[in-house]
Amino acid sequence: MYRVDYAPQGLAPLHSHPRGSSVIIVIQGCVYVGSVTSDPENRLIAKELKTGDVFAIPAGLIHFTYNVGDTNAVTLVASNSQKPDFLSTRVFPHIPVEILAKSLNVDEKVIEVILEAWKNNDVDDDYMN
């Protein structure tokens, strides 16, 4: 179990935990949480959560958490694995565009736009390294 603090508009970007399911419990604030189901649907399941709300994420699904409030938000995340691991979208720039597009069921142009936006984003200087 671990605590995650979010500044207003703070984001835990798309990522997955290949070896463990997670349960997110909102301790303070309001967050928008979502995960994408597995093939063949690749459907977004998302909900705005307030203090006391809970959201479950099955192992391996890509997901995110975003603070939609004007104040800080705090969540507790519990996992059913001692080492759920973490697959970040930081690996995306190193994967061929056509593989990403097929994996995420989107057009290659969408991937190119996203990668270019990340490349020009100075929020995390080592993001593309």
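I began with Val106, which counts as partly exposed because its relative accessibility is 35%. The model I am reading is a predicted one. Val106 sits in the loop between helix H1 (97-104) and helix H2 (108-119). I then looked for a surface patch around Val106 and found a nonpolar one formed by Leu104, Val106, Val110 and Ile114. Together these four residues have about 260 Å² of accessible area. Val106 can belong to such a patch because members need over 30% relative accessible area.

Next I looked up Glu98, which is in helix H1. Glu98 has a relative accessible area of 38%, so I noted Glu98 as partly exposed. I also took the C-alpha to C-alpha distance from Glu98 to Lys109: it is 9.7 Å, for a separation of eleven residues in sequence.

I searched the whole structure for aromatic pairs, and the search gave one. The partners are Tyr32 and Phe64, with 5.6 Å centre to centre and 45 degrees between the planes, a tilted arrangement. Tyr32 is in strand E4 (residues 30-36) and Phe64 is in strand E7 (residues 63-67), so I checked the definition of a strand and kept both assignments as DSSP runs. Are Tyr32 and Phe64 buried or exposed? Tyr32 is partly exposed, at 30% relative accessible area. Phe64 is buried, at 14%.

I turned to the nonpolar cores. The largest has 13 residues, and those with the most contacts inside it are Tyr6, Ile24, Val31, Val33, Leu49, Phe55 and Ile57. At least two residues of this core come from each of strand E1 (2-6), strand E3 (22-28), E4, strand E6 (54-57) and strand E8 (73-79).

I listed the contacts of Leu49, leaving aside neighbours within four places in sequence. They are Val26, Gly29, Cys30, Val31, Val33, Val54 and Phe55. Of these, Val31, Val33 and Phe55 are also among the residues with the most contacts inside the largest core.

My last entry is Ser22, in strand E3. Ser22 counts as buried because its relative accessibility is 4%, and the cut-off for buried is under 20%. Which residues does Ser22 contact, leaving aside neighbours within four places in sequence? I found His17, Phe55, Ala56, Ile57, Val77, Ala78 and Ser79.

How values were computed. Residues are numbered from 1 along each chain as its sequence is written. This is a predicted model: local features need pLDDT of at least 70, side-chain atom pairs count only at pLDDT 80 or more; totals for chains, interfaces and linings use all residues. Side-chain values use heavy atoms; hydrogens and water are left out. Patches are made of residues with over 30% relative accessible area and no salt bridge: like charges are joined within 9 Å, nonpolar side chains (Val, Leu, Ile, Met, Phe, Trp, Tyr) within 5 Å. Accessible areas come from the Shrake-Rupley method with a 1.4 Å probe; for residues, only the protein chains shown count as cover. A salt bridge is a side-chain nitrogen of Lys or Arg within 4 Å of a carboxyl oxygen of Asp or Glu. Helices (H or I, at least four residues) and strands (E, at least two) are DSSP runs, numbered from the N terminus. Buried means under 20% relative accessible area, exposed over 50%, partly exposed in between (1.4 Å probe, protein chains only). Rings of Phe, Tyr and Trp (its six-membered ring) pair if their centres lie within 6.5 Å; planes under 30 degrees apart count as stacked, over 60 as edge-to-face and the rest as tilted. A nonpolar core is a set of buried Ala, Val, Leu, Ile, Met, Phe, Trp, Tyr and Cys residues joined through side-chain atoms within 4.5 Å. Contact means heavy atoms within 4.5 Å.
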